[in-house]
Amino acid sequence: MSSIRALAEELSARGNDALRRLFAARPDLITPGVPDFAALAARACARVSLQRALESLSKPQLQVLEALVLTTDEDEGRSGSAVELRHAVGNATLGTLDAILAELSQLALIYRADPPDSIHSASGSRRRYYQPVARLREVLGSYPAGLGRCYTELTSVSQFFAEKAADIVNAIPAAAQQQHVEHHIAAAYALERWAALPEALESAPPKAREVLSKFTNWPVGAVPHAEARVRPGRKTDNPVDWLLSHGLLVPLDDEHVELPRPVGLALRGGRIVPGLALDPPPPPAATTSTALRRNAALGAIGEVLRLVSGLAVEASERPIETLRAGGVGTRELRRLTAALRADSDQTVLALELAAAVGIITLDVDTSTWRATAAEEWLALSRPEQWLRIAAAWLDTPRVASLAMAAEGGGQLAPLAGEGQRPDAAAVRRRVLEVAAELSGEANSAEGRAVVVRAEDVRTRLEWAQPRLARRLRGLLDGVLVEATMIGFLGSGAITRAGSAVVRGDYEGLRALLEEILPQSVDRIHLQADLTAVAPGYLEPGLARRLALLADPEGRGPATIYRFSAASLRRALDAGEDAASISAFLAQHAEAGVPQPLAYLIEDTAGRYGRIRIGRAGSFIASDDEAALAGLLREPSAQQLGLTQIAPTVLVSNATPQEAATVLRELGLAPAIDSSFDPAVRLQRSRGGTDAPRLPTPEPRPAVPSVDDVEAQLAILRNQSAVVANGDEAAPMLGIETLQKAIRLKRAVRLNIVDALGNSTVEELRPVSISAGRVRVFDPERETERVLSVHRIIDVELA
Amino acid sequence: MSDGPLIVQSDKTILLEVDHEKATEARHAIAAFAELERAPEHVHTYRVTPLGLWNARAAGIDAEKVLDTLLRYSRFPVPHSLLIDVEETMSRYGRLRLEKDPQHGLVMRTDDYPVLEEVMRAKKIAPLLGPRIDGETVVVHSSERGQLKQALLKIGWPADDRAGYVDGTPHPIALEETGWSLRPYQRLAAENFWAGGSGVVVLPCGAGKTLVGAAAMAQSSTTTLILVTNTVSARQWKQELLKRTSLTEDEIGEYSGSVKEVRPVTIATYQVLTVKRGGLYPHLELVDQNDWGLIVYDEVHLLPAPIFRMTADLQARRRLGLTATLVREDGREGEVFSLIGPKRYDAPWKDIEAQGYIAPADCVEVRVDLPREERMAYAMADDADKYRLCASSETKTDVVERLVARHANDQLLVIGQYIDQLDEIGERVNAPVIKGSTSVKERQRLFDAFRAGELNRLVVSKVANFSIDLPEAAVAIQVSGSFGSRQEEAQRLGRLLRPKADGRAARFYALVARDTLDQEFAAKRQRFLAEQGYAYRIVDAADLAKD
């Protein structure tokens, strides 16, 4: 029976609770919803879904699954149970194996099957037998459990080996068993038999066995000129030559060799899995004090808030330029780094976070990043700000550390399109979860917290989710660096805030942050060396006004503002005056305004505006002062909006042409002076009213939600027939049939639709299937063709 | 978080809120490893430097204690990177030790094999080392002890010098504590120094550094070489030693420009030692060819470069540095550390305050407006002439006149750079002018008269101003120019201006022409003086009468 059908039946027989557990473990099975159990089973056998499911398996689960795949054969009806596996898996009891098989079955990675015929007759066995679901072999790859392929497969892979196989066998008397082998298939069987015998390995010289030991974990190796070194029957001292000539290594091409499965098994003492890794590696032992952790985390939280808010202000004053290739260039980064008083890695993080939170957005017209939600951001409370940073960081597919110099990156520009990794969000979550797990497991003393290093996370993940760990490896270090900079980790240990985020406990987190973040201050110390010291986190409004009046200096929790004539003039430009500045400072100064500062303000303001600049449409100049005075009083000249700025000069709001027209009407003869041609560059106005809103962070909902699961169950249960040949399951079933035909080298009857919509039934031999296409051999025309899977509407074994 | 008085910044500065109730306590705690950088009225700034941390290590303070201090007194979280940095930096001191080996002589030893491997590969260090004895020990050429220490400090692995010292020629010296006794902190400083071998004692002006030196000499009881900044200081030392110790006139020699005596205790000036003739320093042999048991360096922060070179070759002799500050204008604090030794004693701040060292003079900057013609002349002048034009403005002379009239009964100095301007002022206020061309005898006469109060106003040029025997005054008016470096300026101000008899603070006027280069320079001075804790005001010349 087809594995999909078998699985569908098995799933329909499960209780609702079992199904709920399945959906929770493999949410992609019902997103989007499925119409019936057949479709559900088909989806469970789909490649992508299987890949995801495999990533969630722990090392012992994967080991058992791989062993089952290697010991069973669907076409021959050879299923497996704990009993068979006990021979293949070391260090395992029947009980453990049964338990792990049940878990795999629960995950719909294997399904219940009939016992093999030999067992069937010996009735009374109540052991459960399983088969892996269709396509699992394909998804697991060519080398499950790190073992190579059989000789028979290798003869079909390597033409060279097929030609040589008979010679190899005939040169080894023990393998040929006094018969002269002619055909490569027969040779492959002979080798298969011989290599599994202990004598085969024992006959190898010690050096050759040393070479073989390098293949214990992975069956493929690089050997230069591999094919030329296969010389059956010739004496040789070279261990590799010996192995190749005796068929214990098989050349794949001229550069690579493979260790055939029987040899690999023999090396492992006949076991597919030499030892089942039941226990996770121990949690790390290094600790740090909770005081240090708290200090580091609070420091990081304070700093990241300062950076992001600083960037919001900076970007709202001047949009951030990008390179033509995308991303923020070195020069712009340096400018921002100076403005933020940070180091460049911090700026990179601030940029990415600001973009992820939605404070800055890319303006496509100008290719600049603009602060579209800066005001909204600055109005948020600090706990709320951090919460949003944390949530945005967890979910963003962008990886800031790729652009950080410290991580050996720095090749990428921050905010460049290449800084994206689809896995990033999943990796972060998983890394933090693992860090939390490790901290929870380790028994740290009072006042101590466990230090979780990248290496610890890596080791644990390689046990807990070996297939995922491979994908995580590249991002892990960067994730930990970022997590430390944001405050998820402090002094190497996961922080209270960090674990609250992992739990999705946003409410608790809010309360925690309210408690731990210091209150903002609204008092400053003004000093005679013309500085203002803000002893802590200043209220944003106050900080902005102070930053207008004076230049901020120093990095850290406190900011020093230095007053100078230039900084005060900047404030005067912005509309302040001496009285407003003095009043503002006096209101916030802890101990009054020192005399030198008061003097500086008065002095600067007093001499501000000695040169004034204004805008005019045109000027009217004449040496005849009386004429100009007359013009000023002329009623019909009022429309020009005249102002006298000197006895001989008037300015007007009107353009020179308009002014000339009016003056001509008054009987004057003005000449237009074309030597002044002001080109006024208009500045773009700041962000409009339709600025995007900052999204509010929510703990990520469990996908799928409880409601979705219940709705799905209702649909499934309503279905009368277990296996309706529904639309969704059909292609999967067809593919399964095709694959079976490929394996068994049998012909199929295909109902194919051509481009015009005409359907024809043909009998063909499928050769291979991949990426939505089937390669078929047409025995009638003796040619090969490639068909699209979606054009095949029906498949039947011929 | 605690409500501490410190804010630790990630740029490695520490801000101290002076008015906080725990400020004094915290100040004491951080003084061991951080250097005071700025001390304006409300918030003082300290800086954590590798040298400061190594000094602390040499004084037996470990990283844990430093971290604990920071965490305990800090109001906000301490940047984690700084904590790691402190730990890392402090752990570097003493991983390499210089020791005396009975068989191989001077050796460098470590327990940390890779560190030795690293430094042996450094280009500048390899030639200073001899053959390697084993994994952890390497022979050091004894002549390169100082060079090696300098080079090691430069690459960040300061060595702990435990190789000991030569004894020197014995010569009995004893303190004669009759009618006086060493103050406890002086005794402690001398003891700390002796226990540490070599090093620097930091004491504020007037805290009796000479006595610490004398105590160290008594402890050593060997021939001693004392290096001082100038002749006046040499004579002061001599007087003090005669008064406080068993040494007699015959036992103490002066080695200066005018006298060249070599006696069991010899006091030499930096200047004479650094005289260069034909590319050689003829007087340096004084140091080399005598078997001194102790060398005392007065005012280490002013030690000139050739003396450093000389000191590098003297590593086998005990060295005592005395100073009021470890901060050097030229940034050579590292050489003081590696060649003379780590800080062995630092006086608590409270003593400095008690000495009246800080918060002395009242500084007033008087802004004068240049008249129209002068402004035009200034605007059109070449850059080279601009400063002279604005600094020697006519209007300043008027203001000086008014100020002199106002302080008619005070001892008053007018200081300036441009002779024409000074001559005119001298004439207007009826005061003698001392300039470069004034004979030494005449200068001495005028100074003596001023000191005695027979003369209550003097006009001195910048040249004269640099002479060390400038008398003290209650009021100083600076019309142009500035005192050398900022550091020197603050120190001179402190020395020059003593509080008046009735307790009123001395006053320092600086006349500054508005909107000119003069004002720019003044702004820098204002910042520095305010940072040093001087009271500072700015007044318009027109408002002077109201002041």
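**Core, sheet and chain contacts in a predicted model**

In this predicted model, B:V201 touches B:A189, B:F193, B:V212, B:L320, B:G321, B:L322, B:R344 and B:Y345, when residues up to four places away in sequence are not counted. A second, separate core, of 85 residues, includes A:L340, A:W377, A:A400 and A:L438. The largest nonpolar core holds 121 residues, and those touching the most other members are B:I14, B:L152, B:V201, B:V212, B:L227 and B:Y297. The most is given to this core by helix α8 (residues 209-220) of chain B, which supplies six residues.

Chain B contains 22 helices and 23 strands. Of its 547 residues, 46% are buried. Among contacts in chain B between residues at least 6 apart in sequence, those joining residues at least 24 apart account for 71%.

Five strands of chain B form an open sheet with mixed pairing, in the order β7-β8-β6-β5-β9. Because β7 (129-134) and β9 (159-161) of chain B stand at the edges and each have a single partner strand, one side of each is left without a neighbour in the sheet. From one strand to the next, the twist averages 30°. β7(B) runs antiparallel to strand β8 (residues 137-140) of chain B, and three bridges join the two. In this part of the sheet, B:L129 stands opposite B:V140 in β8(B).

Two helices lie across strands of the sheet. Helix α5 (residues 113-121) of chain B lies across β5 (96-101), β6 (105-110), β7 and β8 of chain B, and runs at about 120° to β6(B). Helix α6 (residues 145-154) of chain B lies across β5, β6, β8 and β9 of chain B, at about 150° to β9(B).

B:W194 is located in helix α7 (residues 184-196) of chain B. With 18 other C-beta atoms within 10 Å, B:W194 is partly exposed, since a residue counts as buried at 20 or more and as exposed at 12 or fewer. B:D382 lies 188 residues from B:W194 in sequence, and the C-alpha to C-alpha separation of the two is 58 Å.

Between the chains, 27 residues of chain B are in contact with 26 residues of chain A. On the side of chain B that touches chain A, two or more residues each come from β1 (6-8), β2 (13-17), α22 (517-531) and β23 (535-540) of chain B. α22(B) gives the most to this side, with four residues. By residue class, this side of chain B divides into 14 nonpolar, six polar and seven charged residues.

Key:
Residues numbered from 1 in each chain as written. Chains lettered and ligands numbered in written order. Predicted model: local features only at pLDDT ≥ 70, side-chain atom pairs only at ≥ 80, totals over all residues. Core = buried A, V, L, I, M, F, W, Y, C linked by C-beta atoms within 7 Å. Contact = placed C-beta atoms within 7 Å. Nonpolar A, V, L, I, M, F, W, Y, C, P; charged D, E, K, R; others polar. Pairing = 2+ DSSP bridges. Axes fitted to C-alpha atoms, helices over the stretch in contact; angles between N-to-C directions.
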